[in-house]
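Subject: Structure for your review

Dear colleague,

Please find below the structure I promised to hand over, with its sequence. My notes on it follow directly after.

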Amino acid sequence: MKKFFEHKVKEAIIFLVVIVVVFGLLASRMGMANMMNTIMRTAHDLLLNTVFYLMGITVLTGALSKLLAEFGVVSLLEKLLRPLMKPLYNLPGVAALGGVMTFLSDNPAIIALSKDKNFSSYFKKYQLVSLTNFGTAFGMGFVVIISMVGYGQNYLLGAIVGLIGAVVGSVVSTRLMQRFVLRSYPEMKESVVPHAVQDDTEIPESAQQKDSLFLRVLNSLLDGGKTGVELGLAIIPGVLIITTLVLLITNAAPAGGYDGGIGQGVPILPWLADKIHWVFEWLFGFSHMEFIAFPMTALGSVGAALGLVSSFANSGILDGNAVAVFTAIGMCWSGYLSTHAAMLDSLGYRKLISKAILAHTFGGLAAGIFAHFLFLLLSLI
């Protein structure tokens with residue numbers, strides 16, 4: 001008990017020292033009052049002008065997603081994508097349904113499918129756990145693409161290139177995860193359900209709706225919109241907390257000096273990135289070191305990362321290449337550091353969390369690099 005108490009005391013002291021040093025340095029540059037005002041005003045501005053904008057998108061995309069599912073479009077997409085699953089991902093064809101669902105909603109959608117015994121019976125154990133990486137690579141993809149295109153029609157090409165990059169990243173992440181798992185746990189080659197038939201037999205569909213066409217459309221719109229509201233609410237903490245802190249260490253003082261205004265900060269992150277600027281310029285084609293804030297934020301929350309894009313657009317530094325890389329990394333990573341642990345834990349494979357995170361880190365980097373060079377190639381044509 002004494003050792004436990006001493007450990008907690010040390011932990012508390014270290015935490016306080018770190019907080020005092022970090023915010024003390026920021027306050028020494030900005031002024032304590034200005035720093036506090038900037039934090040509160042930035043969070044308030046993000047809530048009104050970013051969160052509600054993103055929530056509007058999630059409500060509309062949620063309604064559209066529900067309509068697509070209700071009238072068989074999701075099933076059609078799954079059938080069209082099914083032949084690609086084995087050669088690209090070494091997954092059964094039915095896994096395509098998971099990719100479509102996470103693209104239209106968010107990462108946890110893949111877990112709901114994975115827990116379905118009928119669905120999981122098509123998989124070997126190492127394939128089932130790799131669904132965490134596969135599904136995450138498309139999380140909130142619809143919202144990310146719509147958000148990027150919303151900043152201007154000129155960014156449509158960048159968003160499409162980013163989608164292709166995310167597919168490349170998903171292949172890298174899923175394949176690496178399978179390789180890591182089989183190397184450490186070769187016994188996971190066995191099927192999830194013993195003697196399960198490993199083919200692409202159709203998953204039984206639910207009974208045909210008997211409601212009228214009007215009711216089916218109305219219910220789909222309302223239920224999908226409600227899901228969009230829940231997703232919009234879920235991203236509020238990430239956008240307000242993470243984005244505010246990132247902006248605080250990314251932006252600089254205005255021309256007249258610090259006055260506690262919205263979005264001000266001390267450019268610590270760009271200063272650090274500038275020390276190795278050639279890496280980001282070559283790998284991602286970033287023309288401004290502020291852009292590095294997006295992938296770093298996407299590690300924890302793609303919703304928070306999208307909140308940064310509006311500030312880039314408002315400052316006039318956003319370009320097509322950045323949109324391509326942001327779309328690719330935003331979709332592929334989509335906050336995997338904050339979801340992978342919970343997702344694998346819910347599947348009962350907590351021991352594989354580190355392997356999934358490592359594989360997905362490489363996948364996100366591959367997505368961004370591929371998107372940059374593909375956009376560069378298309379720009380030369």
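Helix α15 has 13 residues and spans 19 Å from its first C-alpha to its last, close to the 18 Å expected at 1.5 Å a residue. Please note that this is a predicted model. Ten of the 13 residues of α15 are buried, so the helix is largely enclosed by the rest of the structure. The buried positions are V302, G303, A304, A305, L306, G307, L308, V309, S310 and F312. Their cover includes α2, α8 (141–149), α11, α14 and α16. After α15 comes G316, which has a positive phi near 80°.

The loop between α14 (293–298) and α15 (302–314) contains L299. With a relative accessible area of 22%, L299 is partly exposed. The C-alpha atoms of L299 and G335 are 4.7 Å apart in space, although 36 residues separate the two in sequence.

Leaving out residues up to four places away in sequence, M148 touches Y155, A159, F294, L306, V309, V323, F326 and T327.

T250 counts as buried, at 4% relative accessibility.

The next topic is charge pairing. Side chains of opposite charge can pair when their charged atoms come close. A search of the whole structure finds two salt bridges. One of them joins E70 and R216, with the closest N and O atoms 2.8 Å apart. E70 lies in helix α2 (residues 32–70) and R216 in helix α10 (residues 213–234), so this pair ties together parts that are 146 residues apart in sequence. R216 counts as buried, with 14% relative accessibility.

The other salt bridge is between E190 and K125, whose closest N and O atoms are 2.7 Å apart. Here E190 belongs to the loop between α9 (156–184) and α10, while K125 belongs to helix α7 (residues 125–136), so the pair ties together parts that are 65 residues apart in sequence. E190 is partly exposed, at a relative accessible area of 44%. K125 is partly exposed as well, at 23%.

On the surface, V73, L76, L77, L80, L81, L84 and L88 form a nonpolar patch with about 560 Å² of accessible area together. L88, one of these residues, is found in helix α3 (residues 73–89). Its relative accessibility is 33%, so L88 counts as partly exposed.

Finally, helix α18 (residues 353–380) has 28 residues and reaches 41 Å from its first C-alpha to its last, close to the 40 Å expected at 1.5 Å a residue. The buried residues of α18 are I353, A356, A359, H360, G363, G364, A367, G368, A371, H372, L374 and F375.

With kind regards

Terms used: Residues are numbered from 1 along each chain as its sequence is written. This is a predicted model: local features need pLDDT of at least 70, side-chain atom pairs count only at pLDDT 80 or more; totals for chains, interfaces and linings use all residues. Side-chain values use heavy atoms; hydrogens and water are left out. Contact means heavy atoms within 4.5 Å. Helices (H or I, at least four residues) and strands (E, at least two) are DSSP runs, numbered from the N terminus. The expected span of a helix is 1.5 Å times one less than its number of residues. Buried means under 20% relative accessible area, exposed over 50%, partly exposed in between (1.4 Å probe, protein chains only). A salt bridge is a side-chain nitrogen of Lys or Arg within 4 Å of a carboxyl oxygen of Asp or Glu. Patches are made of residues with over 30% relative accessible area and no salt bridge: like charges are joined within 9 Å, nonpolar side chains (Val, Leu, Ile, Met, Phe, Trp, Tyr) within 5 Å. Accessible areas come from the Shrake-Rupley method with a 1.4 Å probe; for residues, only the protein chains shown count as cover.
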